[in-house]
Each structure stands twice: as structure tokens, then as C-alpha cells.
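Let's take a friendly look at a protein model together. Keep the sequence and the 3D view side by side as you read.

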Amino acid sequence: MAMVVVTAKVEDVTKWEEGFRTHGEHFKNMSVTGPIGIAINDGNEIAVCFAPADVGKFMSQLGTPENVAAMEHDGVKGDTVKVYVMDRTFQP
């Protein structure tokens with residue numbers, strides 16, 4: 001199963017995380033049902049790791065008005081969002 005990592009800068013990490021944690025039903029609609037990894041770095045940088053059952057559905061939902069509104073409400077700086085689909089592996 002492919003994983004998706006989303007990184008961004010946010011206005012306030014506490015406000016962002018509180019808002020992010022209210023979007024469970026939205027993530028289920030994006031085919032995410034398992035745990036979501038969250039990382040917060042200095043400089044109000046965040047990284048979120050999803051394991052959607054359907055990457056196509058997940059990706060198609062990223063630009064929807066509902067998703068954009070949720071990110072804006074949570075204080076995500078839209079021009080800093082980067083999305084990485086982890087579709088390759090390496091076994092050392």
C-alpha cells in the first residue's frame with residue numbers, strides 16, 4: 001500500500017493540530033482509515049503521513065473546496081504545501 005506524506009507550514013501548530021484532529025470523517029471519505037502519523041518541527045513546519053486504501057481517491061480530494069477550506073481554517077499556509085506519494089521502496 002502506498003503512503004502519502006504532506007508537508008506544510010502553519011500559522012500556529014497548536015491551533016493546526018487541534019483543527020486537524022477534528023477531520024476524522026473527512027479523512028475516512030478520502031479512504032484513510034488507519035493511524036495518521038504527525039510530526040511538528042521548529043518554524044511551524046508539519047508533516048503528516050497517510051496510508052490511504054485508494055491513493056487516486058485521496059489525491060483527487062486534496063484540491064476539493066472542502067479540503068481547501070479545512071486547511072485554511074486550520075491555518076495551513078497553502079503555498080507551502082508539498083505532497084509526496086511514497087510509491088517506491090528500498091530494502092538495504
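The side chains of His23 and Asp74 are joined by a polar contact of 2.7 Å (a pair of N or O atoms within 3.5 Å; within protein, one must be able to donate a hydrogen and the other to accept it, and residues adjacent in sequence count only if both atoms are side-chain atoms). This is a predicted model, where local features need pLDDT of at least 70 and side-chain atom pairs count only at pLDDT 80 or more, while totals for chains, interfaces and linings use all residues. Residues are numbered from 1 along each chain as its sequence is written, and side-chain values use heavy atoms, leaving out hydrogens and water.

**Around His23**
- You will find His23 in the loop between α1 (13-20) and α2 (24-29); helices here are DSSP runs of H or I with at least four residues, and strands are runs of E with at least two, numbered from the N terminus.
- His23 is buried, with a relative accessible area of 15% (buried means under 20%, exposed over 50%, partly exposed in between, with a 1.4 Å probe and protein chains only).

**Helix α1**
- Asp12 caps the N-terminal end of α1, with a side-chain oxygen 3.0 Å from the backbone nitrogen of Thr14.
- Val13, Trp16, Gly19 and Phe20 are buried in α1.

**The sheet**
- Four strands form an open sheet in the order β2-β3-β1-β4, with antiparallel pairing (two strands pair if DSSP finds at least two bridges between them).
- The edge strands, β2 and β4 (82-86), each pair on one side only.
- β2 and β3 pair in the antiparallel sense over 5 bridges.
- Gly37 stands opposite Cys49 in β3.
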